[in-house]
Amino acid sequence: MKSLVIAAHSGHELLLWKWLRNERPDFVVLTNGAGSSGVPRLDPTLANLAGAGANWLPEVVQPVADADIYRGLLEGDSRLFARWLEALTTHVLARGIDCIVADEAEDYNPSHDLCRLLANQVAARCAARGHAVAAFGYPTVGHPSPPARLAAEQHLMIELDERELQAKLDDMHGYARSFGGQLERELDGFIAEFGARAYGRECLFAAQPTRYERAEAALAKPAFEIFGEERVAAGVYRHVIRGAHLQAVADRLRGPAR
């Protein structure tokens, strides 16, 4: 199986620690990980990908700063996203990729949701051109191996043995510690909530259309809106990214390819 992974952020590759080693997929990252700190996180990600035997493709998607994605969303400028969509579609068709794996849309970070939207649209464009691909997603902030979803949804699952799980956890903690701050707090929070053993299963769930592709409202205010409002109130951000901004991009990307 020829696979392509589309990840929103550096570090997401660690969630697929064993799967990457088994499949050795092509891999693109949308952002360089330079969030509010301004410090890129690409170098350790490139080392992780090399260690796993995955094939990083900056010629297909050259990572940008998170701020560039946020600016495009806020200004309704989808040109960057449209270029990515075309480049990814071209790569999948040229390479005969038959499986696309990407972040799930979890209403947590707009770049994650954009990543899932792009992956879905790449799969749709390829299918329209006569090349069907399997599409899967993986949780980035939710439970990595949720029993209820495993019982109800089509999925692929790889289990890690004790040695592999410990190596994966060591890599995750080492990565988070090297940048500290919010990244380390998030990882500590996820492990406290889900337990370390939850990361001993790497689950890929059959991809679903995002709510933006369905033009549906969120059931609750997205976490990224709440966080954005807090940052605006603190004087850190000037504007809040809303679900409506992603909806506008989805509407444009679903239009006819040019």
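Predicted model: local features only at pLDDT ≥ 70, side-chain atom pairs only at ≥ 80, totals over all residues.
Helix H4 spans residues 79-95 and comprises 17 residues. From its first C-alpha to its last it reaches 24 Å, close to the 24 Å expected at 1.5 Å a residue. The buried residues in H4 are Leu80, Phe81, Trp84, Leu85, Leu88, Thr89, His91 and Val92. Because they cover an arc of only 165° around the axis, these residues lie on the same side of H4. On the other side of the helix, Arg79, Arg83 and Ala94 are exposed. The cover over the buried residues of H4 includes both strands and helices. The strands in this cover include S1 (3-7), S2 (26-29) and S4 (99-103), and the helices include H3 (66-75), H5 (110-128) and H10 (243-253). Gly96 follows H4 and has a positive phi, near 65°.

The loop between H3 and H4 contains Ser78. This residue has a relative accessible area of 12% and is therefore buried, the cut-off being under 20%. Ser78 and Leu246 are separated by 168 residues in sequence, whereas their C-alpha atoms are 9.9 Å apart in space.

Helix H7 (residues 162-179) has 18 residues and reaches 26 Å from its first C-alpha to its last, close to the 26 Å expected at 1.5 Å a residue. Within H7, the residues Glu164, Leu165, Lys168, Leu169, Met172, Tyr175 and Ala176 are buried. Their arc around the axis is only 130°, which puts them on the same side of H7. Arg163 and Arg177 are exposed on the face of H7 turned away from its buried side. The buried residues of H7 pack against helix H1 (17-23), helix H2 (42-52), S6, H8 and strand S7 (201-206).

On the H7 side, the contact is made by Leu169, Met172, His173, Tyr175, Ala176, Arg177 and Phe179. On the H8 side, Gly181, Leu183, Glu184, Leu187, Asp188 and Ile191 contribute. The residues of this contact divide into eight nonpolar, two polar and three charged. Leu169, Met172, Tyr175 and Ala176 of H7 take part in the contact with H8 and are also among the buried residues of H7. Arg177 likewise belongs to the contact, although it is exposed.

Asp161 is found in the loop between strand S6 (155-159) and H7. Its relative accessibility is 39%, so Asp161 counts as partly exposed, a class that lies between the buried limit of 20% and the exposed limit of 50%. Asp161 and Glu230 are 69 residues apart in sequence and 41 Å apart in space, C-alpha to C-alpha.

In helix H9 (residues 223-233), the buried residues are Phe224, Glu225 and Gly228. These residues cover an arc of only 100° around the axis and are therefore on the same side of H9. They pack against H5 and H10. Just after H9, Gly235 takes a positive phi of about 80°.

How values were computed:
Residues numbered from 1 in each chain as written. Heavy atoms only, no water. Helix = DSSP H or I, 4+ residues; strand = E, 2+ residues; numbered from the N terminus. Expected span 1.5 Å × (residues − 1). Buried < 20%, exposed > 50% of the residue type's maximum accessible area, 1.4 Å probe, protein only. Arc of directions from axis to C-beta. Contact = heavy atoms within 4.5 Å. Axes fitted to C-alpha atoms, helices over the stretch in contact; angles between N-to-C directions. Nonpolar A, V, L, I, M, F, W, Y, C, P; charged D, E, K, R; others polar.
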